[in-house]
Amino acid sequence: MKKLTSDRVDLSTRSSWAKKSVNGLFRIFKAAPGRVGNTALSGSLIFFTISLFFAHPALCAEENLRVELRSPVMVMLSSGAAGQIMEITVKDGQSFTKGQVLLRIDGRLAGHRLDMARASRDQADTQYKMAERLYRLNSRGALDVEMARAQLERARAEKRLAEEMLEMCQVKAPFSGRVTQLEVKENQYVAEGAPLMEVAETGPMEIEFMMPSSWLGKVKPGTRFTVNVEEAGMTCQGEIIRLGGKVDAVTQSIRAYGKLLENAPGLLPGMSGTVSIK
């Protein structure tokens, strides 16, 4: 693939275009110096500035474009139960493995509810067995047996619900990754659904950047690129994975998404740099 520098406007074209705009602006003032006030001056300058930055999208069509690194998966973990935070097992920036307990909420109340649910289940089970025995002895009707069976099923469902509530008092890692931000502290009381911490999955980083829409004929999913990460001082190889769903009509640009081909150590979400597409 050829370099995309052929799509750029050369300096002479830019200079000529800018010179024509400036000359046109001065002709306005020369033609009617007394009738052009501050309002017209301000409006003309604003229009001229907008024209410089947006009217000619090729001015932004550089080979090296600014990019931002992102984690393939970044989520905010929330509390599944209300209560006091008893322990936070990780710190900001610390790595963890899938299934590891990251945070514990006081589960004593949920534990008591589970004990009650188990007792209700055992009671309902005994009543159902007794109803069946009496039915076989023609001492109970079929309706009594069905009612006892329904009570047992309800007690079993309440026990499962209590077990889930107790399980929610422990926040486990959904994947292997790193803590990017802690939102709470130990001994703090949190409500159900409150944000606890932001975590990012470890894996090859993804990038996102805006590119001129005139490149659509040359840049497609699978196109290779080189990323120079400034904070880490390293160069990585990657490829385009998809393009945005629409072109910005003002800037005539489109969002592009890519991924690095290797999981380079030391790269963090939010780092920036430049991408060179060849």
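R154 is exposed, with a relative accessible area of 54%. Exposed here means over 50% relative accessible area, buried means under 20%, and partly exposed lies in between (1.4 Å probe, protein chains only). This is a predicted model, in which local features need pLDDT of at least 70 and side-chain atom pairs count only at pLDDT 80 or more, while totals for chains, interfaces and linings use all residues. Residues are numbered from 1 along each chain as its sequence is written, and side-chain values use heavy atoms, with hydrogens and water left out.

R154 forms a salt bridge with E158, and their closest N and O atoms are 3.4 Å apart. A salt bridge is a side-chain nitrogen of Lys or Arg within 4 Å of a carboxyl oxygen of Asp or Glu. Both residues sit in helix α4 (residues 142-167), four residues apart, so about one helical turn separates them. E158 is partly exposed, at 36% relative accessible area. Helices (H or I, at least four residues) and strands (E, at least two) are DSSP runs, numbered from the N terminus.

The salt bridges come to 15 by this rule. One of them joins R70 to E206, with the closest N and O atoms 3.8 Å apart. R70 lies in strand β1 (residues 64-70) and E206 in strand β10 (residues 206-212), so this pair ties together parts 136 residues apart in sequence. R70 is partly exposed at 28% relative accessibility, whereas E206 is buried at 17%. R70 also meets E208 in a salt bridge, at 2.9 Å from N to O. That pair again links strand β1 to strand β10, across 138 residues. Shared partners join R70, E206, E208 and R255 into one salt-bridge network.

Now the sheet. Four strands form an open sheet in the order β2-β9-β7-β4, with antiparallel pairing. β2 (74-78) and β4 (95-96) are at the edges with a single partner strand each, so one side of each has no neighbour in the sheet. Two strands pair if DSSP finds at least two bridges between them. β2 and β9 (residues 195-201) pair over five bridges, in the antiparallel sense. V75 has V199 of β9 as its bridge partner.

How far does confidence reach? pLDDT is the predictor's confidence in each residue, from 0 to 100. The protein chain has a mean of 80, and 77% of its residues reach 70 or more. Confidence is highest in strand β5 (residues 101-105), at a mean of 95, and lowest in helix α1 (residues 11-31), at 46. pLDDT stays under 50 over residues 1-22, which have 32 contacts (heavy atoms within 4.5 Å) beyond four places in sequence.
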